[in-house]
Amino acid sequence: MRLDKFLSDTTAHSRKELKSFIRRGSVTVDGETVRVPEFQVAENSTVTLNGRVEHYRKFVYLMMNKPAGFISATEDGNALVVTELLPEEYRHFDVFPAGRLDKDTEGLLILTNDGDFGHRITSPRKEVWKRYLVQVDLPMSEADAAAFENGMDLGDFIAAPGRLLLTADPQEVYVEIREGKFHQVKRMCARCGKNVLYLKRCAIGGLLLDETLVPGACRELTDAEKELILQGSLPELA
């Protein structure tokens, strides 16, 4: 690929800025200064810009601890979006949320620029389960858990069977679903006569939210963590 394209995919600089850097002699390829933006390089070439090695990556995979108040989108004329929280080093990758969390919902959100990976997370056919911590205004019961297990007719769609896991506090439960329709968890709880007061996603497939991430922070996924997501099944509750 062209040298300026390589650097465009690995840095936050504009193509115009990169061409200027290259022509000024600020770029080397495999130890040699190159002043031609059209110079052809391989993905595994050692390229430096102002002395810093720039490693080529086509795709990035990020885990974010989404805070409340942000919508799961790349742009919106009226609301804050999660991509505004990204560190500068990731903004040029044009990542998008793989699935969504409601504006007031917190927790685990995956962002990537790999469309195939995103589809494998969100497609109902892939059956990647998601787990949510839910606080409600009234106690949940075994009858509510049975309603989740049987699936629910929510009017515009029938929710697939899910799981409602009771805890010692009947107003704090875990909900596990393999879909992700708009407001689905809230609507399923409402169908049982309860209003959701707080909602946080804590797992996608086998991947748990890294609780060391403060709200709004993100980090890259390891290869092992990507595989945990795609295995689909959730880990046991601690």
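**Figure 1. Tyr-61 of strand β5 and its partner in strand β7.** In this predicted model, Tyr-61 stands opposite Thr-112 in β7, where β5 and strand β7 (residues 106-112) pair in the antiparallel sense over six bridges; two strands are said to pair if DSSP finds at least two bridges between them. Strands are DSSP runs of E with at least two residues and helices are runs of H or I with at least four, numbered from the N terminus. Three bridges, again antiparallel, join β5 to strand β15 (residues 218-220), and here Met-63 stands opposite Arg-219. Six of the six residues of strand β5 (residues 61-66) are buried, so the strand is largely enclosed by the rest of the structure; buried means under 20% relative accessible area, exposed over 50%, and partly exposed in between, with a 1.4 Å probe and protein chains only. Both faces of β5 are covered, with Tyr-61, Met-63 and Asn-65 buried on one side and Leu-62, Met-64 and Lys-66 buried on the other.

**Figure 2. The open sheet of strands β1 to β4.** Four strands form an open sheet in the order β2-β1-β3-β4, with antiparallel pairing. The edges are taken by β2 and β4 (52-54), each with a single partner strand, so one side of each is left without a neighbour in the sheet. Strand β1 (residues 27-29) is joined to β2 by two bridges and runs antiparallel to it, and Thr-28 has Thr-33 in β2 as its bridge partner.

**Figure 3. Ser-45 in a loop.** Ser-45 lies in the loop between β2 (32-33) and β3 (47-49), and it counts as buried because its relative accessibility is 14%. A polar atom of the Ser-45 side chain lies 3.0 Å from the backbone nitrogen of Ala-42. When its neighbours within four places in sequence are left aside, Ser-45 is in contact (heavy atoms within 4.5 Å) with Phe-6, Val-29 and Asp-30.

**Figure 4. The largest pocket.** About 310 Å³ of space lies in the largest pocket, a volume being the space filled by probe spheres set on grid points that are joined across faces, edges and corners. On a 1 Å grid over the protein atoms alone, a pocket is an open set of points where a 1.4 Å probe fits, with protein on both sides within 12 Å along at least five of seven lines, and lining residues have an atom within 4 Å of a point. The lining has 22 residues, of which Arg-100, Tyr-132, Glu-179, Gly-180 and Lys-181 lie nearest the centre of the pocket. At least two lining residues come from each of α4 (115-122), β8 (130-136), α6 (184-191) and β13 (196-204), and α6 gives the most, with three residues.

**Figure 5. The second largest pocket.** About 260 Å³ of space lies in the second largest pocket. Among the 14 residues that line the second largest pocket, Thr-10, Thr-11, Arg-52, Glu-54 and Glu-89 are the closest to its centre. The largest share of this lining, three residues, comes from β4.

**Notes to all views.** Residues are numbered from 1 along each chain as its sequence is written, and side-chain values use heavy atoms, with hydrogens and water left out. As the model is predicted, local features need pLDDT of at least 70 and side-chain atom pairs count only at pLDDT 80 or more, whereas totals for chains, interfaces and linings use all residues.

Note on methods
Polar contact = N/O pair within 3.5 Å; in protein donor to acceptor, adjacent residues only side chain to side chain.
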